[in-house]
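Here is a short briefing to read with the model open beside you.

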Amino acid sequence: MAENLAPWAVTTTRGRLYPEPEDPTRSPWQRDRDRVIHSRAFRRLQYKTQVFVFHEGDHFRTRLTHSIEVAQIARSLARRLRLEEDLAEALALAHDVGHPPFGHAGEEALNTAMRPRGLFDHNAQSLKHVTLLERRYAGFDGLNLTWETLEGLAKHNGPVRRPASYLLQYNAKHDLELGTHASAEAQVAALADDIAYNNHDLEDGIRAGLFRIEEVAELALPGGALAQARAAHPDMPADRAAPEMVRRVISAMVNDVTAEAERRIAALAPASAQDIRMASAPVVAFSEEMARANADVRVFLRERMYRHFRVNRATQKSKRALQILFQLLHGGPQMLPDAWRARAGEAGTAQAAETVCDYIAGMTDRFALEEYRRLTDPHVGG
């Protein structure tokens with residue numbers, strides 16, 4: 001409840017771009033969360049890559065499972081810091097809805113395709129989905145989320161120095177104050193994302209056989225957590241070691257962020273959420289020691305997982321498929337579904353490029369592969 005929140009938590013909303021009556025049973029951010037959950041873009045995350053293409057196994061994380069895990073960590077952090085949990089959860093669930101198929105490989109492919117017209121940015125694409133591309137409501141495009149949720153999507157990684165083109169367009173009609181930090185709730189969602197994807201990528205990499213748990217244990221943070229787990233459970237089965245290690249690392253990170261945030265907030269002495277936004281640095285962050293340990297994990301994952309030949313093979317195949325798909329549809333927008341074709345205009349134009357980019361970015365891995373086959377295999381009908 002609002003009376004239990006810290007003075008620097010978000011307690012009131014600046015409203016929505018299109019005014020609506022308040023819901024009698026839900027807070028504005030509960031309503032935002034529910035709109036995100038019921039959106040098409042959120043559902044499609046079930047079949048979008050985190051690291052492994054979705055069909056490579058039933059046990060690896062997808063963008064959907066990752067987003068749910070981020071939301072759990074964000075809620076825990078927000079509760080500890082006496083912040084608005086529902087806002088933190090809404091942001092965590094929505095933060096990846098703009099990701100294209102095939103994870104970062106898809107982002108690189110669309111970056112290359114859009115380079116002459118402005119780079120593809122998945123954060124701006126998330127904002128685009130919830131403000132324009134979702135079409136569920138009779139009175140407006142998008143989900144008409146609160147200002148605070150949109151601000152968090154735009155700025156959860158900090159002030160936006162070089163806004164993507166769509167972010168600039170939207171900001172011109174609904175000022176999100178791009179030059180300031182986002183709320184503490186948005187900062188919590190951003191840190192929860194870091195905590196979730198590093199640790200769960202470690203677990204998925206072990207499960208996939210890309211590296212062994214003993215190699216991970218050479219890193220200080222997971223190595224210490226694994227030693228704790230084995231000391232507590234000497235007879236622990238081998239297949240439970242990685243989840244036990246990851247669970248302890250996540251707890252250590254959450255505790256560290258909580259302590260560091262409390263220290264920074266005490267030094268800043270904010271009286272309101274706006275004081276958090278106007279601060280010179282984020283208030284929700286890792287300590288220096290934890291930041292170094294987390295950076296070591298990132299380096300390990302980059303070298304041993306993201307650059308692994310099996311991941312690289314899938315990455316290159318995926319990028320190539322999306323690049324060809326973009327070229328074909330940009331040069332032949334008449335092959336787009338009716339609603340998209342009407343938006344695209346003439347072949348080869350900037351308008352067609354933006355439309356095709358939006359169309360591809362919204363695809364799941366599975367649908368992107370099917371579209372690629374339909375347009376390139378002469379034996380497959382349209």
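**Helix 15 and helix 18**

In this predicted model, Ala321, Leu322, Ile324, Leu325, Leu328 and Leu329 of helix 15 meet Ala368, Glu371, Tyr372, Leu375 and Thr376 of helix 18. Contact means heavy atoms within 4.5 Å, and helices are DSSP runs (H or I, at least four residues) numbered from the N terminus.

- The residues of this contact divide into nine nonpolar, one polar and one charged; Ala, Val, Leu, Ile, Met, Phe, Trp, Tyr, Cys and Pro count as nonpolar, Asp, Glu, Lys and Arg as charged, and the others, Gly among them, as polar.
- The axes of helix 15 (residues 309–331) and helix 18 (residues 365–376) come within 10 Å and cross at roughly 55°.

**Ala105**

- Ala105 sits in helix 5 (residues 103–114).
- Ala105 is buried, at 7% relative accessible area; buried means under 20%, exposed over 50%, and partly exposed in between (1.4 Å probe, protein chains only).
- Not counting residues up to four places away in sequence, Ala105 touches Thr315, Ser318 and Lys319.
- From C-alpha to C-alpha, Ala105 and Val70 are 21 Å apart in space, and 35 residues separate them in sequence.

**Thr149**

- Helix 7 (residues 147–155) holds Thr149.
- Thr149 is buried, with a relative accessible area of 0%.
- Leaving out residues up to four places away in sequence, Thr149 touches Trp29, Asp32, Leu87 and Leu91.

**Reading notes**

- Residues are numbered from 1 along each chain as its sequence is written, and side-chain values use heavy atoms, leaving out hydrogens and water.
- Local features need pLDDT of at least 70, side-chain atom pairs count only at pLDDT 80 or more, and totals for chains, interfaces and linings use all residues.

Notes. Axes fitted to C-alpha atoms, helices over the stretch in contact; angles between N-to-C directions. Helix = DSSP H or I, 4+ residues; strand = E, 2+ residues; numbered from the N terminus.
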